[in-house]
Amino acid sequence: MKITRVETFQVPPRWLFCRVETDDGVTGWGEPVVEGRAEVVRAAVHVLADYLVGQDPLRVEDHWQVLTKGGFYRGGPVLSSAVAGIDQALWDIAGKHYGAPVHALLGGPVRDRVRVYAWVGGDDPGELREQIAAQVEAGFSAIKMNGAGLMPRSPTPADLAAVVRRAEVAREVLGPARDFAVDLHGRTGVSGARRVVAALEESQPMFVEEPLLPEHLHRLGEVTAASAVPIALGERLYSRAEFLPALSAGLAVAQPDVSHAGGISEVRRIAALAETFDVLLAPHCPLGPLALAASLQVAFATPNFLIQEQSAGIHYNAGAELLDYVLDPAPFAFSAGHAHRTDLPGLGVVVDERAVREADRRSHAWRNPVWRHDDGSFAEW
């Protein structure tokens, strides 16, 4: 079996899919994208495809080694995301070839269902009480929300009080038997993050996500020491090597993204490394159905898995939704806040290829917002 073609499809709302075709008629799908830079990753996928065409698709690990290291210059979100989507597609082919789900090829399942959470509140969180209640009614036992909208690097007492009040609302609606997570998106400085995390302790969030920017990881230990609240991060880290300092600094929950951090192959290794630090895995995934399917395959086979992000109804999904490009919604039929394991081969997704090709003709040019503080200076989104 040889790879004969690699195609990419830039589809709304902000996703990029890739399709790897073989001379045996087996095809694999993946989701290589950097949100807001889909065109750049698309070009990178086609550069890497020059090497892949003519190769045996079942040599998944060898291809990962060559694609990540063979160009001499390594790393970064664009290359890692391009490799990630290809890696997903190669695992998809392998599963279809062997007639098994990817989690079986990773050593077999360690669980039958995967807990997932729902997003509420949007970029600038509002109407939380109603939205959280709706997700509880839908069966979810966990939600995530942004802690704040625009946030100064040095928050005022009023800024801190607003974050705490949102957490109190979440706890009031959810009660003690359900969970919520608070995403800070690196919007405040390290000292502000320490104050926010400490102030949230009484509400007992499941975790506080990305309290500081990835370039400030050398100060993560100060944040983890500020409170007993579990600290999570990792969507902007792309390899085991980048996770190691965070793990050593007291990280509680690792959040690699299977579409950014080198695909199934590297996320699986990040999970194993995290396990040696007694750190749990909660993969980042506000993306499309292929990224979610790949994340679930990892989750079914990972002992230290905690919970899975998913994008159904997320505020980013303008123009398309999670199930718009799949023929069989069954793998994404959440029940009691869980995704349930299937034995469908590969990633377990049946792609609506006609819908994908049509959507690619419409394409998209999604860009994340650029925020500014009151004085006109740049603000973290």
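Author: Of the 381 residues of the protein, 58% count as buried, where buried means under 20% relative accessible area, exposed over 50%, and partly exposed in between, with a 1.4 Å probe and protein chains only. This is a predicted model, in which local features need pLDDT of at least 70 and side-chain atom pairs count only at pLDDT 80 or more, while totals for chains, interfaces and linings use all residues. Residues are numbered from 1 along each chain as its sequence is written, and side-chain values use heavy atoms, with hydrogens and water left out.

The protein has 12 helices and 14 strands, which are DSSP runs numbered from the N terminus (helices are H or I with at least four residues, strands are E with at least two). Among contacts between residues at least 6 apart in sequence, 71% join residues at least 24 apart, a contact being heavy atoms within 4.5 Å.

Now to the rings themselves. A pair of aromatic rings is described by the distance of the centres and the angle of the planes. Rings of Phe, Tyr and Trp (its six-membered ring) pair if their centres lie within 6.5 Å, and planes under 30 degrees apart count as stacked, over 60 as edge-to-face and the rest as tilted. A search of the whole structure finds nine aromatic pairs. One of them joins Y316 and W366, whose ring centres are 6.1 Å apart and whose planes stand at 85 degrees, so this pair is edge-to-face. The pair links distant parts of the chain, since Y316 lies in the loop between β11 (308-309) and β12 (338-340), whereas W366 lies in the loop between α12 (353-362) and β13 (371-372), 50 residues apart. Both Y316 and W366 are buried.

Elsewhere, ring pairs link W15, F17 and Y325 into a cluster. The loop between β1 (3-11) and β2 (15-22) holds P13, and the peptide bond from P12 to P13 is cis, with omega near 10 degrees.

Two further loop residues can be set side by side. H185, although not a glycine, has a positive phi of about 55 degrees, and H185 is found in the loop between β6 (179-183) and α7 (190-200). Q204, also not a glycine, has a positive phi of about 55 degrees and is placed in the loop between α7 and β7 (207-209). H185 counts as buried because its relative accessibility is 8%, whereas Q204 is exposed, with a relative accessible area of 58%.
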